Amino acid sequence: MNIDQFATRDLSPTEARLLAQQALEDTDLFDTLVAQGAVEASLQSPAIFRSTRRVPWAIALCAAAAAVLLAFFLWRSSSRQIPQPSEQARAIVSKPAILPSLETVNDRPVLLASELRPAHSPNAGAFRGGSGPTRQPQSTGRIVALEAGEASVNLGSLDGLTKGIELGPIVITTVFRDHARGKIVNGSPIRINDPVRVPLSIHLTAVLHEVDALAATGGLSQARELARNALSAGSAGETRMLLERLAALDYQAGATDAAREHYEAAANNFYAPPAASPSEQAATLNSLGALYLLRGDPASAEKPLNQAASETAIDPDLRAQIVNNLGVLSEMKGDLATARDDYSRAHAQANLTRLRNLKHP
Amino acid sequence: MNNPDFSAGGRYTLSETRDAITDYRRLLNALGSRARRMGSRDPESAAQEALKRSLENTLSQPAVEYYFSEELPPDAAPPAWPLDQLMAWLHGVLHFVVLEEHNRVSNRRELAGWARGGDSRQRLDPPDPAPDQLDALIQRELQQIMLECLPALDADYRRVLKMRASGLKYGDIAERLGVSENTVATWVSRGIRTLAQCVRRRMQPRSNLAAMPEPQRGDT
């Protein structure tokens with residue numbers, strides 16, 4: 001005996017009584033029977049179905065206006081909506097689904113964390129990624145030629161070199177993709193095959209660009225591997241941004257647990273030199289909070305999201321995302337009044353930003 | 001919410017109602033649990049009050065007795081109400097009772113202020129609505145569930161539920177939509193389950209009510 005049999009009226013009264021007794025111990029069954037009763041009640045007043053279609057003109061006009069605004073808003077802000085790595089995660093996020101969040105998909109609240117989005121190609125840099133033969137950024141190279149006070153090295157733009165960078169006694173003057181030339185300062189004694197080392201911060205930036213380029217061209221696993229391998233190149237503070245990028249890539253690859261762990265590690269090293277800026281801290285904490293919410297763990301999400309919201313000197317767009325996510329948190333906790341307030345504040349913040357952008361594009 | 005005065009009105013006497021509490025212990029537990037989820041501060045009393053009203057109603061009473069009494073007499077006749085109608089009724093009554101309780105709490109807070117101002121005429125709870133009003137309110141609650149939840153349903157589910165509500169049999173719906181009867185049954189079943197989720201969401205305690213102080217018995 002089951003609810004489907006009951007719905008098709010295949011149960012005898014005695015069996016229905018047994019189902020009733022079962023519903024006393026089974027909340028889902030109780031609710032399903034209530035819903036079934038609500039549908040059957042509409043037999044007595046089928047106007048319910050009609051009334052769902054009958055929309056007063058004023059409401060219809062408002063809805064149309066809202067739809068236009070929402071479409072515009074989504075178009076402008078589509079770059080901030082995080083991708084959903086798996087159906088499971090989506091279901092967890094959308095479970096409350098009572099109030100509209102800053103952005104919605106099929107009326108489901110959506111978490112916002114621009115850091116978790118795939119990097120755009122502008123960050124990828126020229127000559128990187130899958131277009132043509134390439135190699136990974138190197139941190140060390142050697143002098144391959146010496147001529148008239150100039151040295152040639154087997155490091156280039158792929159390794160982060162730009163004009164003016166100093167590689168020991170060499171000041172780079174011309175940069176190619178995989179090699180460069182520079183003046184030898186004060187006639188320093190150097191020879192062919194002498195090693196040269198790229199400054200760490202420049203090397204890590206080059207790795208970040210390569211990681212972005214690989215990810216942008218579909219090489220997500222290569223990008224993650226490169227980022228992982230480069231973590232040992234510097235101190236916790238120096239590689240923190242790389243760790244944050246790796247966390248985002250983990251998320252994009254569907255490895256949400258790894259993403260969370262990497263964000264946690266980054267957050268634990270905010271004050272390792274060079275210390276993270278307020279914006280970096282807020283963005284990382286927002287992403288971390290969003291990942292906790294994706295896991296269906298509002299209790300753990302509360303601290304990072306509140307900490308992110310407490311940062312004052314941050315981008316208004318980022319603030320709107322944080323407040324939106326706080327709304328989802330409140331909704332998951334069942335605090336609908338606070339959720340509504342948060343969504344309103346997020347909307348207001350996002351609209352304010354948009355107005356400012358219109359005035360000062 | 002004060003414990004309901006079971007001896008006042010209705011066709012059940014005080015002793016019969018005490019028996020009813022014993023007879024319907026499991027139903028009372030289930031209703032109490034639902035009342036708690038609806039945000040009741042006194043779920044036990046809310047459950048008793050909902051049961052009392054259901055037993056007072058000549059239409060719901062036979063269904064309650066048939067489906068939920070601990071021991072069913074062997075010669076008991078099946079009630080006119082099907083089980084889902086009774087469940088929806090119980091949900092509606094309970095929802096209304098909890099709503100009344102919240103209103104009482106609000107009134108007590110306001111009345112306490114008024115009483116301090118010396119206006120003792122206002123220190124009474126508003127009278128409960130008449131039974132026919134209760135019917136209307138429950139009907140409205142069920143309608144509200146449908147109005148809120150139908151637009152969110154998948155178009156196929158909504159279409160079959162609408163056709164079902166207009167009295168069509170599964171076979172007729174299947175013929176009209178060009179699908180098998182089994183598909184129709186599946187869509188109806190899934191549509192109803194989605195509505196059930198909506199019912200659950202509607203039972204979330206209201207945050208603003210949760211923030212209210214405990215009712216002060218004796219304020220009234």
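In what order do the 6 strands of the open sheet in chain A run? Some notes on that and on a few other spots, bearing in mind that this is a predicted model.

1. **The sheet.** Reading across, the order is S5-S6-S7-S4-S3-S8 in chain A, and the pairing is antiparallel. The sheet is open, with strand S5 (166-167) and strand S8 (195-197) of chain A at the edges, each pairing on one side only.

2. **One pair inside the sheet.** Have a look at strand S6 (residues 170-175) and strand S7 (residues 180-184) of chain A: they pair in the antiparallel sense over 5 bridges. To get your bearings there, find Val175(A), which stands opposite Ala180(A) in S7(A).

3. **The S3 to S4 loop.** Ala148(A) sits in the loop between strand S3 (140-147) and strand S4 (150-153) of chain A. Its backbone is worth a glance: phi is positive, about 50°, although Ala148(A) is not a glycine. Is this residue, Ala148(A), buried or exposed? Ala148(A) counts as exposed because its relative accessibility is 79%, and the cut-off for exposed is over 50%.

4. **The S7 to S8 loop.** Asn193(A), in the loop between S7 and S8 of chain A, is another residue other than glycine with a positive phi, here near 75°. Its relative accessible area is 48%, so Asn193(A) goes down as partly exposed.

5. **Two helices side by side.** Now to helix H9 (residues 240-252) and helix H10 (residues 256-268) of chain A, whose axes come within 7 Å and cross at roughly 160°. That angle is why H9(A) is called roughly antiparallel to H10(A), as the term covers angles over 145 degrees. The crossing of H9(A) past H10(A) is left-handed.

6. **Who touches whom.** From H9(A), the residues making the contact include Leu243(A), Leu246(A), Ala247(A) and Tyr251(A), along with Arg240(A), Glu244(A) and Asp250(A). On the H10(A) side you'll find, among them, Thr256(A), Ala259(A), His262(A), Tyr263(A) and Ala266(A).

7. **A cis peptide.** Last, check the bond between Pro273(A) and Pro274(A): this peptide is cis, with omega about -5°. As for where to look, Pro274(A) is in the loop between H10 and helix H11 (278-294) of chain A.

Methods:
Residues are numbered from 1 along each chain as its sequence is written. Chains are lettered from A and ligands numbered from 1 in the order in which they are written. This is a predicted model: local features need pLDDT of at least 70, side-chain atom pairs count only at pLDDT 80 or more; totals for chains, interfaces and linings use all residues. Side-chain values use heavy atoms; hydrogens and water are left out. Two strands pair if DSSP finds at least two bridges between them. Helices (H or I, at least four residues) and strands (E, at least two) are DSSP runs, numbered from the N terminus. Axes are lines fitted to C-alpha atoms, for helices over the stretch in contact, and angles run from 0 to 180 degrees between N-to-C directions. Angles under 35 degrees count as roughly parallel, over 145 as roughly antiparallel, 65 to 115 as roughly perpendicular and the rest as oblique. A crossing is left-handed if the near helix is turned anticlockwise from the far one by less than a right angle, and right-handed if clockwise. Contact means heavy atoms within 4.5 Å. Buried means under 20% relative accessible area, exposed over 50%, partly exposed in between (1.4 Å probe, protein chains only).
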